[in-house]
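Here is a short report on aromatic rings and helix packing. Have the sequence and the 3D view at hand.

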Amino acid sequence: MNGPKQRIINVTFDLFFKQGYNSTGINQIISEANVAKASFYQHFKSKEDLCVEFLNLRHSFWFDQLNQFLQQKNSRESKVIAAFDFLMEMNKKESFRGCSFLNILSEIPTDNTKILNVIQLHKTELRKYFLDLLDDQDLSDHIYMLFESCIIESQLFKSNELIEKSKIIINKLINNGTKAPPSSFYF
């Protein structure tokens, strides 16, 4: 059987996924993890600290899953397109629940920099992931923004339709040599 810390983490993953951050209380986590309150506080000083741990683990899980999904792809183009296929796969596995980071972002106060920093780090690393693949700042930012909007739209409409359309757009951008508008174009 898992130790108390692992049980707390497992329950947290389930509850944050189903209920969200704000609707999940420490007492519920303690009860469902079958741990003593002292045991909870031995591992986590606060719900905020538990959320940071959750997001760090989710970050590792998500990038591990993405890298495994793309493992057989060789070209940068196929990896970028496959990243969008990965979104569809995650939607299927997680019932269109969306991005854990954005979901929690919508629930925390704007001054909660401890959690915000973890969320920003995840998104910064995703943006860098596309830049590393494409070696073109404007194009990679364009694709990153499509990726992020696909996450939100697919969660909102419980559909992969815009992910499929984004793959067509990306294929044209990459294979036709069409570049995203220069950064100075944006307001």
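## An aromatic cluster

Trp 62, Phe 63, Phe 69, Phe 84, Phe 86, Tyr 129, Phe 130 and Phe 147 form one aromatic cluster. Rings of Phe, Tyr and Trp (its six-membered ring) pair if their centres lie within 6.5 Å; planes under 30 degrees apart are stacked, over 60 edge-to-face, and the rest tilted. The count comes to 13 aromatic pairs.

This is a predicted model: local features need pLDDT of at least 70, side-chain atom pairs count only at pLDDT 80 or more, and totals for chains, interfaces and linings use all residues. Residues are numbered from 1 along each chain as its sequence is written, and side-chain values use heavy atoms, with hydrogens and water left out.

## Two edge-to-face pairs

Phe 40 and Tyr 41 have ring centres 5.0 Å apart and planes at 85°, so they pair edge-to-face. Phe 40 is buried at 0% relative accessibility. Tyr 41 is partly exposed at 38%. Buried means under 20% relative accessible area, exposed over 50%, and partly exposed in between (1.4 Å probe, protein chains only).

Trp 62 and Phe 86 also pair edge-to-face, 5.3 Å centre to centre with 80° between the planes. Trp 62 lies in helix H4 (residues 47–70) and Phe 86 in helix H5 (residues 76–93), 24 residues apart. Helices (H or I, at least four residues) are DSSP runs, numbered from the N terminus. Both Trp 62 and Phe 86 are buried.

Conventions: Helix = DSSP H or I, 4+ residues; strand = E, 2+ residues; numbered from the N terminus.
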